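Student: Can we go through this one together? I have not seen it before.

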Amino acid sequence: MKRIIFSGKGGVGKTTILSNLARLLARDGYKVLVIDCDPSMNLAMSLGISLDDIVSLADDSAHLREMLGSHMEEHDEHEMECTEEDLHEFILPAADGVRLIVMGTIPFGGAGCLCAPISLVRLLVNYLASDTEEYDFIFVDSQAGVEIFGRGLASEFDLSFVITEPTPKSLEVAKHGLKLAGDLGVKRQIVVVNKVEVDEDLQTAKRELDGNAQQIMSVSYDQEVVEADKKGALLLDYSPQSSSLQDIMKVKQFMLSVE
Ligand SMILES: Nc1ncnc2c1ncn2[C@@H]1O[C@H](COP(=O)(O)OP(=O)(O)O)[C@@H](O)[C@H]1O
Ligand SMILES: [Mg+2]
């Protein structure tokens, strides 16, 4: 099972790329679980799941933490054991067999930071990695910026996708993300420069990221993505022949070709 983290500045296209990639992989027969760690909970919408149907991890965090915590610490057999049954209420089915887990949002103004819910996701991912063969890929979508790395969630992850636009601000966030994922020992990193309009955009990004990334790929700027978003549809359904989806397919091929 491969654990993969997506990071980058807000609005660069993390959720768009992740959700299309997840469904493409699922169509190839892989079992894919996506975890939305963005309190804005956009990933569910991208995957066509109504927010009303979601039971998030935060909705039942105390119980879940107790189960996962005691399970991972391997207390004696009288302690509560976590089984996949226990997780069922949190696992939502999406198109093509993709499964979604939502971390949850901040329930009210002043409710505090995301440390606790992110640490719960960390427990959950560790449990899934060590105790089940259920999934081939776990994708973690993060909120804007690099906070996700500060919580150590991605340590022991296999791959980090750093998504960026070809703009100085977004490339700065990308560089920081690459460094932090490297600090956590993430084995491999792929930068995807999204919304590339002309070749010079990609060249600028490559110059700026020189030496910081193992692989840099691009996804073209595509009005079809915007139109799909306006319709509340995913690119894959709305415009399967679009240029950006072809680029995302190349990203998928490359991802599968690396260990
Ligand atoms: N390749 C693309 N071409 C044009 N617009 C895009 C592209 N990728 C994403 N977008 C648009 O950018 C906006 C932000 O995308 P989103 O995936 O939500 O970003 P993030 O998850 O990084 O915040 C959305 O309005 C989306 O339609
Ligand atoms: Mg997003």
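The chat below covers the ligand site and then salt bridges.

Tutor: This is a predicted model, where local features need pLDDT of at least 70, side-chain atom pairs count only at pLDDT 80 or more, and totals for chains, interfaces and linings use all residues. Residues are numbered from 1 along each chain as its sequence is written, ligands are numbered from 1 in the order in which they are written, and side-chain values use heavy atoms, leaving out hydrogens and water.

Student: How many residues surround ligand 1?

Tutor: There are 16, counting a residue if one of its heavy atoms lies within 4 Å. Gly 11, Lys 14, Thr 15, Thr 16 and Asp 229 are the closest.

Student: And by class, what is in that shell?

Tutor: It has 7 polar residues, Gly being classed as polar, 5 charged (Asp, Glu, Lys and Arg) and 4 nonpolar.

Student: Which atom of Thr 16 lies 2.5 Å from ligand 1?

Tutor: An N or O atom in the side chain of Thr 16 is 2.5 Å from an oxygen atom of ligand 1. With Gly 13, a backbone N or O atom lies 3.0 Å from a ligand 1 oxygen. For Asp 222, a backbone N or O atom is 2.9 Å from a nitrogen atom of ligand 1.

Student: New topic: how many salt bridges are there?

Tutor: The structure holds 13 (a side-chain nitrogen of Lys or Arg within 4 Å of a carboxyl oxygen of Asp or Glu). One of them joins Asp 237 and Arg 27, with the closest N and O atoms 4.0 Å apart.

Technical notes: Polar contact = N/O pair within 3.5 Å; in protein donor to acceptor, adjacent residues only side chain to side chain.
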